[in-house]
Amino acid sequence: MAQYRICHSPRLSGEVSVSTAKNAVLPIIAAALLTQEEVIIHQTPRLTDVAHMLGILRSCGAEAETEGTDARVRALAVDSPADHGLLRTMRASVLVLGPLAARNGACSLTMPGGCAIGQRPIDLHLKGLQKLGAKVEQEGGTVTVSGFLKGANVYLDFPSVGATENLVMAATLAKGVTRIENAAKEPEITDLCHFLTLMGARIAGAGTANIIVEGVDHLHGAEYTPIPDRIEAGTLACAAALTEGNVLLERARTDHMRALLFKLSESGVIVQEDSRGLRLRGKARHPMEARTLSYPGFPTDMQAPLMVVATQTHGLSVFLETIFENRYMHVVELNRMGAKIRVEGQLALIQGGHTLTGAHVSATDLRAAAALMLAGLAAQGETILSDAAGHLMRGYEGLEEKLKALGAETEKVEDTERE
Ligand code: UD1
């Protein structure tokens with residue numbers, strides 16, 4: 001397995017373009033199951049999660065291919081996904097449940113596994129589908145949803161991103177009106193709703209906590225370019241803030257990044273928006289407080305990268321992780337590099353101002369992998385980062401290449417010890 005060798009890389013500078021958002025593309029690919037007509041998604045990022053989602057659609061019987069950066073899906077006749085291994089590779093595989101239940105009146109799915117960052121149950125998805133009239137059965141790791149769907153009022157106990165997406169998709173073809181209360185408001189949900197509307201769906205309130213969907217008889221094909229990745233842009237912004245850089249992030253949607261940009265700006269980074277994107281200059285110097293929340297609060301996916309920035313400020317930063325129960329796994333590795341971070345339950349106390357030094361560290365999940373790569377840029381000497389390549393290929397299109405284009409000294413090398 002490849003590992004990364006990362007050298008101290010002060011003052012990143014230059015321009016890079018932000019890729020399309022993985023978390024927008026995945027539900028949009030799943031939504032292509034709602035129509036027999038062709039769907040074309042432009043500027044899809046080259047990520048294994050995207051390839052796996054297209055594979056899942058093929059295992060439902062759809063044609064699903066990439067042509068250059070376009071993904072083309074045609075779901076003439078579809079059934080439950082047959083490739084159980086593929087379903088287990090990622091949590092987002094559960095997003096085919098709503099579309100298939102709506103289109104076929106039935107869907108059987110291997111439950112997506114738990115994952116390193118937390119248990120990640122799907123009870124809210126299933127309760128919501130039950131409210132729409134589906135019968136839900138679970139046996140031996142398989143969940144089966146059956147019955148034709150009827151509009152209903154659904155209240156989500158927690159504004160889950162995936163449950164909101166699944167229920168909106170299911171409701172587009174349900175008979176009557178569905179109201180989803182306490183819906184998640186993430187920009188990727190608004191983007192999915194824009195796409196569904198292009199397909200002929202009737203949706204009001206996207207981006208608010210109350211989404212209203214009026215079911216239609218059928219949806220048609222559409223072409224769409226999903227939004228840029230706010231988490232990738234945020235990770236690159238943290239790299240700039242950490243290295244006292246001067247970086248322009250083309251295509252960055254600053255309106256989707258307010259919570260992070262406030263943190264960076266309070267900490268001393270100069271944040272400028274212009275028509276080309278987002279420019280960051282200078283260094284984060286002041287400690288910060290960050291509590292992860294649903295959008296528009298501070299995103300859990302940015303917690304690990306921002307924590308690396310906090311290690312290099314002067315003073316005590318306080319982070320509170322409220323979304324996932326096990327999302328501090330990067331802390332042990334950062335401490336190995338000389339950071340002084342103490343975790344007490346959901347709380348992490350980061351005593352800034354300690355020089356990071358290169359070490360051999362390993363990544364447990366996607367955002368931890370990105371955070372450790374950033375830590376390597378700030379650390380004195382050489383950092384060897386293992387177990388990161390697979391995670392980064394899942395969710396960041398060319399992160400290492402983009403950092404290199406900004407002047408980072410990093411290379412991918414084979415891990416000969418493990419062969
Ligand atoms: C999505 C994002 C992920 C991000 C997360 C939170 C995608 C593909 N992934 O994941 O990058 O970190 O939102 O912003 O878009 N929960 C339940 N029951 C459920 C569903 C969720 O208890 O049925 C809990 C989860 O365990 C977690 C919290 O709700 O603690 C948030 O999960 P959710 O918003 O559903 O995240 P995902 O859609 O899985």
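The chain is divided into domain 1 (2-18 + 228-415) and domain 2 (22-224), with bounds taken from an automatic or database domain assignment. This is a predicted model, in which local features need pLDDT of at least 70 and side-chain atom pairs count only at pLDDT 80 or more, while totals for chains, interfaces and linings use all residues. Residues are numbered from 1 along each chain as its sequence is written, and side-chain values use heavy atoms, with hydrogens and water left out.

**The interface between the domains**

The C-alpha centres of domain 1 and domain 2 are 30 Å apart. In contact (heavy atoms within 4.5 Å) are 24 residues of domain 1 and 20 residues of domain 2. The size of an interface is often given as the accessible area lost when the parts come together. Here the two domains bury about 1,800 Å² between them, with 51% of it on carbon and sulfur atoms; buried area is the accessible area (1.4 Å probe) that two parts lose on being put together, summed over both. In domain 1, the residues that lose the most area to domain 2 are Tyr-295, Arg-394 and Glu-397, together 33% of what that side buries.

Three salt bridges cross this interface, a salt bridge being a side-chain nitrogen of Lys or Arg within 4 Å of a carboxyl oxygen of Asp or Glu. Glu-397 forms a salt bridge with Arg-46, and their closest N and O atoms are 3.4 Å apart.

The whole structure contains 23 salt bridges. One of them joins the side chains of Arg-276 and Glu-15 at 2.7 Å, N to O. Arg-276 lies in the loop between strand E15 (270-274) and strand E16 (277-282) and Glu-15 in strand E2 (residues 13-17), so the pair ties together parts that are 261 residues apart in sequence. Strands (E, at least two residues) are DSSP runs, numbered from the N terminus.

**The ligand**

The ligand is surrounded by 17 residues, and the closest are Asp-123, Leu-124, Ser-160, Asp-301 and Ile-323; a residue counts as near if one of its heavy atoms lies within 4 Å of the molecule.

| Residue | Protein atom | Distance to a ligand oxygen atom |
|---|---|---|
| Asn-23 | polar side-chain atom | 3.0 Å |
| Arg-91 | side-chain N or O atom | 3.2 Å |
| Val-161 | backbone N or O atom | 2.8 Å |

Technical notes:
A polar contact is a pair of N or O atoms within 3.5 Å; within protein, one must be able to donate a hydrogen and the other to accept it, and residues adjacent in sequence count only if both atoms are side-chain atoms. Helices (H or I, at least four residues) and strands (E, at least two) are DSSP runs, numbered from the N terminus.
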